[in-house]
Amino acid sequence: MAHKFIFDCQHIDKSFGGTHALDDVEFHVKRGEVHALVGENGAGKSTLMKIIIGLYKADMGTMMFEEKPYEANSPAHAIQMGIAMIHQELNPEPHLTIAEHIFLNREDTIGKTPILNKKLTNQKAQEILDKFNFPYNAKTLMGELTLAQVQMIEIIKAVSSDAKLIIMDEPTSSLDNEETDRLFNTIRDLKKEGVAIIYISHRIEEIYEICDYVSVLRDGRYVGSGSVKDVTRADLISMMVGRKVDNIFPKIDVPIGDVALKVEGLTGNGFTDINFEVHRGEILGISGLVGSGRSETLRAIFGLDPKESGKIFLEGQEIEIDSPFDAVKNGIAMVNEDRKNFGLCLFRSIRENISLSNLWRDQQGLYLHVNKEKKEVGSVSEILRVKAASIEDEAYSLSGGNQQKVVLSKWIMANPKVLLLDEPTRGIDVGAKAEIHSLMCEFASKGMAIVMVSSELPEIMGMSDRILVYHEGRINGEVTREEILSGKATQETILAREFGEKVAEEAL
Amino acid sequence: MKSAVTNLTSSIISRLSTGEIFGMRRDLFLKRYGITMVLLLMVVGVSIFSPTFRTTRNLLSVLEQISVNGVLALGMVFVITSGEIDLSIGSMLALTGVIIGQVLTATESMFLAIVVSVIACAIFGFLNGFLVAKFKMFSFVVTLSTQLVIRGVGYVISQGKSMSLADPNFRKIGLGRIWGVIPNSVLILLGVAAIAYFLLHWTKFGRYIYAVGGNKQAALASGVNVFWTKVRAFMIMGIASGIAGVILTSRINAAQPNIGMGYETDAIAACVIGGASFAGGISTIPGTLVGIVIIGVIYNGMNLLQIDSYYQVIVKGLLIIGAVLLDMFLSRKRN
């Protein structure tokens with residue numbers, strides 16, 4: 001039984017701190033098969049792949065590759081043994097030639113000297129390129145190639161180093177239709193030569209077009225697998241969700257007021273023609289797959305990223321936002337998903353972090369009234385229940401949940417009209433999560449308008465009055481709280497829209 | 001008797017390894033006062049070996065000697081805290097001298113000479129900051145280049161010639177003493193230190209410097225104007241260079257376009273010894289003052305102990321490395 005699998009892993013376990021990223025996962029790939037691996041955000045796909053190529057070590061479990069026990073110490077080691085990965089983000093060294101790139105770390109030398117034999121390397125590279133009908137000279141610089149071409153070179157490189165299993169992570173995310181077709185042709189050629197491919201994708205159509213077999217992960221567990229022919233779309237999506245929306249969310253209904261923030265035709269890097277309104281007292285959820293343009297939208301509204309076009313209205317007045325300071329002055333606050341880089345100065349005190357956004361308003365004159373500052377910061381951090389010995393403690397000494405509460409305190413002290421939250425509970429423990437959820441309700445009840453991006457469907461469904469579903473940079477449907485409560489909208493229907501399923505126009 | 005000594009030793013060791021020092025947690029105590037302890041040890045050590053060291057006359061002369069570097073370091077700490085570096089200050093010293101020479105000769109107004117030269121340095125500080133903050137260039141590269149420009153401007157203005165200064169009052173700035181005891185330059189240093197302390201620790205601007213140096217992206221995402229914060233830090237460095245240049249010029253009593261080479265090293269060293277992090281966001285003015293005094297004591301102490309001046313340079317270099325290692329060791333919990 002086992003011999004027909006080129007790759008076979010059993011009982012893989014991996015934890016990071018308190019998070020169980022992979023729990024008793026099994027996964028097997030047959031020779032010459034294109035095997036799709038799917039799952040929601042955070043299901044454990046990347047963790048599993050990183051274990052396979054040696055970036056992480058599994059805590060438990062066994063892996064077999066070509067019927068031999070397998071374990072890689074590094075990606076280079078994995079390639080040596082015949083497993084290569086084509087990453088979603090390609091970062092080629094632009095000054096290397098194609099030949100130098102393909103033969104990186106296995107350069108030909110003249111005899112046993114360390115002198116490079118460039119002629120031989122170029123010749124060998126050219127032969128491989130010709131074999132794949134790649135219409136470029138091997139001496140072309142990597143920096144001159146398009147993304148699709150770089151990706152092709154990566155595949156050629158993997159094959160030329162005798163890879164028997166190639167992992168492709170979202171290979172079509174930055175390709176156009178024609179480039180995608182070309183990639184699929186290459187994949188079919190590889191299949192004929194007996195190369196197996198693990199194909200990770202968020203695009204369900206592609207899975208049905210190119211893959212033979214599909215495995216599903218959910219919350220770090222292996223859910224099941226089957227031949228693509230036998231699994232319907234609906235099956236696939238319900239295998240991916242299956243989590244229950246518990247009633248653990250403290251969402252309370254508050255009266256919805258006037259429009260606070262309105263966005264018209266907003267277009268920028270990663271999102272196109274976004275239109276929405278959020279009212280006072282309302283929590284608007286934005287749901288979508290990672291990379292669908294959710295965070296980018298918030299960043300652009302807040303002035304962290306430039307906008308290409310579109311208008312932003314605050315309480316009916318059009319406002320210009322070119323920098324975060326413009327947003328802050330207008331009463332828009334944003335909790336960034338990247339707490340360490342965009343949220344906190346880790347080596348400064350809680351007090352300094354919280355007051356940072358508020359000094360311009362709360363402190364008049366040249367002299368800093370530190371006693372006033374201490375009092376104000378102390379009271380806001382008390383309301384938000386920041387747990388620390390003193391507000392003079394440095395931010396790095398706090399737990400993730402408390403760090404997040406410091407970031408929230410900073411913005412609550414500014415008493416904003418609109419609060420943008422990007423993954424507000426990522427990486428924090430259950431207790432702090434619940435506290436942040438009830439704080440959100442508290443803020444909403446005071447008339448704040450909240451926009452929340454989250455990768456966790458239960459959180460989005462449990463906390464939002466309304467949900468916008470993003471698909472590839474556009475809004476692909478809207479779900480109301482009534483639809484969720486009545487069971488008309490479920491995790492399945494939302495996820496289907498995230499995966500691009502068209503909204504059925506209901507005749508009313 | 002023997003057991004008493006053993007007990008004392010072991011209690012000191014256990015205190016140093018776990019317990020508290022003067023009611024403060026050991027790691028916090030060492031982080032905050034570690035470098036001050038080093039200074040005290042140095043002072044005690046040099047005092048034992050050289051009775052001359054502990055005379056009031058000598059101690060005042062140490063302070064007088066460190067005043068130029070002290071003013072520079074007090075400006076440099078703003079730039080380093082904001083996460084940058086300024087290598088152009090040596091040239092600014094020369095530029096100050098040259099401008100003073102020209103203005104003093106032409107107008108005979110000491111006041112005008114000082115104001116014009118300090119403003120010129122502030123303008124070049126603005127230029128440094130503008131290039132760094134606007135185009136996101138590395139300050140190392142920017143100031144490495146502008147130091148050539150500034151020195152060149154000094155040569156052009158002076159036509160490369162030295163010029164002795166006639167005004168006897170101007171000499172008093174760097175060499176005079178109040179009541180014949182307290183050097184004027186030490187008072188200037190203390191005044192600059194007071195202003196620097198106020199700016200860095202008691203104003204919004206100071207807070208923004210810490211935020212921008214600590215985490216530029218978080219500062220930006222908190223609505224801090226990163227551009228002006230950096231530009232102002234460089235302007236303060238320029239003004240400090242101007243003031244230091246006035247003292248230096250007054251001391252040599254001549255306008256020379258070739259002075260000031262290598263002064264940035266001592267200023268940077270004082271900041272780093274005083275606990276400023278090269279990554280930015282961490283520093284204090286009192287710490288910087290301790291760093292300044294340590295460098296002064298090293299020079300003075302080694303002179304008194306008759307250590308060859310060539311070796312002094314080596315010792316200073318090693319001391320900077322030692323200070324950085326010590327700092328990393330004391331704050332290793334952060335990583």
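Mentor: The structure holds 34 salt bridges over all chains, a salt bridge being a side-chain nitrogen of Lys or Arg within 4 Å of a carboxyl oxygen of Asp or Glu. This is a predicted model, in which local features need pLDDT of at least 70 and side-chain atom pairs count only at pLDDT 80 or more, while totals for chains, interfaces and linings use all residues. Residues are numbered from 1 along each chain as its sequence is written, chains are lettered from A and ligands numbered from 1 in the order in which they are written, and side-chain values use heavy atoms, with hydrogens and water left out.

Trainee: Why is the pairing of A:Glu66 and A:Arg31 called a salt bridge?

Mentor: The N to O distance between these side chains is 3.6 Å, and the limit is 4 Å, so the pair qualifies. The pair links distant parts of the chain, 35 residues apart: A:Glu66 lies in the loop between strand E4 (60-65) and strand E5 (68-69) of chain A, and A:Arg31 in the loop between strand E2 (19-30) and strand E3 (34-38) of chain A. Helices (H or I, at least four residues) and strands (E, at least two) are DSSP runs, numbered from the N terminus.

Trainee: What makes A:Glu66 partly exposed?

Mentor: Buried means under 20% relative accessible area, exposed over 50%, and partly exposed in between (1.4 Å probe, protein chains only). A:Glu66 has 25% relative accessibility and therefore counts as partly exposed; A:Arg31, at 42%, is likewise partly exposed.

Trainee: Are A:Glu435 and A:Lys387, which form a salt bridge, buried or exposed?

Mentor: A:Glu435 counts as buried because its relative accessibility is 18%, whereas A:Lys387 is exposed because its value is 51%. Their closest N and O atoms are 3.4 Å apart.

Trainee: Which residues are linked in a network of salt bridges?

Mentor: The network links A:Arg294, A:Glu337, A:Glu423 and A:Arg426.

Trainee: How many residues of the two chains are in contact, and what area is buried?

Mentor: With contact meaning heavy atoms within 4.5 Å, 22 residues of chain B are in contact with 32 residues of chain A. The area buried between chain B and chain A is about 2,300 Å², of which carbon and sulfur atoms give 61%. Buried area is the accessible area (1.4 Å probe) that two parts lose on being put together, summed over both.

Trainee: What makes B:Cys121 buried?

Mentor: B:Cys121 has a relative accessible area of 0%, and is therefore buried. A:Cys9, at 0% relative accessibility, also counts as buried.
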